[in-house]
Amino acid sequence: MSDNEDEGQTKQSTEPVDNAWALKIPTFKEADNPHGLVEESSFATLFPKYREKYLKEVWPLVEQCVAEHHLRAELDLMEGSMVVKTTRKTWDPYIIIKSRDMIKLMARSVPFEQAKRVLQDDVGCDIIKIGNLVHKKEKFVKRRQRLIGPNGATLKSIELLTDCYVLVQGNTVSALGPYKGLQQVRDIVLETMNNVHPIYNIKALMIKRELMKDPKLANEDWSRFLPKFKNKNISKRKQPKVKKSKKEYTPFPPAQPESKIDKQLASGEYFLNQEQKQAKRQQERSAKQAEAAKKQDERRNKDFVPPTEDAPSSSSRKRQSEDSKVDVNALKAKLLKANKKNKS
């Protein structure tokens, strides 16, 4: 094989890619950077007090792990910090970023056995901050517990579907795994904190996993297979008992209210002199007093007015006339029968 053919195989194509997740990233080897790094890089992170005992126990393993990549790790128990630094032998420029992520995960209560996986090329990490997504503490605790599920069942199903290690701790969610799975974990966590139950996203991931197995549906749209859930939350705002009906819209502004002078001009009072105005006011005042006195008399005499009786109806009159009639024949027969008894 000639040299030209070797260069043609190693040359990367710049054409559009249909599925970027299927691409294989070539491994970065020591021969790619034989001169190493010029400057020293270092990253430090703080850890809480309750992690001090665990980190002190596993720190020899951490130093041994980073030494394989020609890095140096330091644990400062006085300041409560972890530091990773590059050395003169370090040849991978991105390994310091990976080691920074590792100590961040260990500070967020991720065990060392899981955190050291982030040093691999095909494994990444994501620390999702959820503390400021919900304002009320009660709602935040409920939604965070909803993400974990009963006995951790929901969290375990998320881990199985995304191939990621997920840990919910305090105000953050730490995820560790392949980059595609990290994207799915972030979507599930953010939607859960926005009041969307994680079971909906879990069902969608399960359906997608089954559809991936069918080669006939590889180039089709999967939206018709995915479940569509509608939000049924009804607004709990109290509705007013009496709702005011809106008036019909008119493009013209309302008429300007009449001033005091306009009312006097309309009634003719404006053209009267002072004596006539005073006489008119006195007349109106006396009329009001007379009307008020009349109402007062009616209110006082109300108790002495006899109630009106209803006239008897025709049916009641007939009933009274029938009661007033006496059967004479029956009365004679009764008297004769009484006389016979007395004679006998």
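Begin by selecting Glu269, which is buried and yet has no salt bridge, the nearest side chain of opposite charge being that of Lys280, 4.5 Å away. In this predicted model, Glu269 sits in the loop between α9 (260-267) and α10 (274-300). If you display its surroundings and leave aside residues up to four places away in sequence, the residues that Glu269 touches are Gln264, Lys277 and Lys280.

## The whole chain

Now zoom out and colour by secondary structure: the chain has 12 helices and six strands. Of its 344 residues, 24% count as buried, and among contacts between residues at least 6 apart in sequence, 58% join residues at least 24 apart.

## The three-stranded sheet

Select β4, β5 and β6 next, and you will have an open sheet of three strands in the order β4-β6-β5, with antiparallel pairing. Because β4 (124-129) and β5 (165-169) stand at the edges, each with a single partner strand, one side of each is left without a neighbour in the sheet. From one strand to the next, the twist averages 15°.

Stay with the pair formed by β5 and β6 (residues 172-177), which run antiparallel and are joined by five bridges; within this pair, Val168 stands opposite Val173 in β6.

In soluble globular proteins, nonpolar side chains tend to be buried together. Here the largest nonpolar core has 27 residues, and the ones to select are Val62, Met82, Met102, Met106 and Phe112, which touch the most other members. At least two residues of this core are supplied by each of α2 (52-67), β2 (71-76), β3 (81-86), α3, α4 (112-115) and β5. Which element gives the largest share of this core? That element is α3, from which seven residues come.

Centre the view on Met82 and show its contacts: not counting residues up to four places away in sequence, Met82 touches residues including Phe43, Phe47, Leu55, Trp59, Ile103 and Met106. Once these are clear, move to a second, separate core of 20 residues, which includes Ile128, Phe140, Leu182 and Ile202.

## Two loop residues with positive phi

Most residues other than glycine have a negative phi. Against that background, select Ser109, whose phi is positive, near 75°, and which is placed in the loop between α3 and α4. Is Ser109 buried or exposed? Its relative accessibility is 15%, and so Ser109 counts as buried.

Compare Asn151, which also is not a glycine and has a positive phi of about 55°, and which lies in the loop between α5 (137-148) and α6 (153-162). Asn151 counts as exposed because its relative accessibility is 86%.

## A last stop at Val38

Finish at Val38, in the loop between α1 (3-10) and β1 (42-46). Although this residue is a valine, Val38 counts as exposed, because its relative accessibility is 78%.

Notes:
Residues are numbered from 1 along each chain as its sequence is written. This is a predicted model: local features need pLDDT of at least 70, side-chain atom pairs count only at pLDDT 80 or more; totals for chains, interfaces and linings use all residues. Side-chain values use heavy atoms; hydrogens and water are left out. Helices (H or I, at least four residues) and strands (E, at least two) are DSSP runs, numbered from the N terminus. Buried means under 20% relative accessible area, exposed over 50%, partly exposed in between (1.4 Å probe, protein chains only). Lys and Arg count as positive and Asp and Glu as negative; His and the chain ends are not counted. A salt bridge is a side-chain nitrogen of Lys or Arg within 4 Å of a carboxyl oxygen of Asp or Glu. Contact means heavy atoms within 4.5 Å. Two strands pair if DSSP finds at least two bridges between them. Axes are lines fitted to C-alpha atoms, for helices over the stretch in contact, and angles run from 0 to 180 degrees between N-to-C directions. A nonpolar core is a set of buried Ala, Val, Leu, Ile, Met, Phe, Trp, Tyr and Cys residues joined through side-chain atoms within 4.5 Å.
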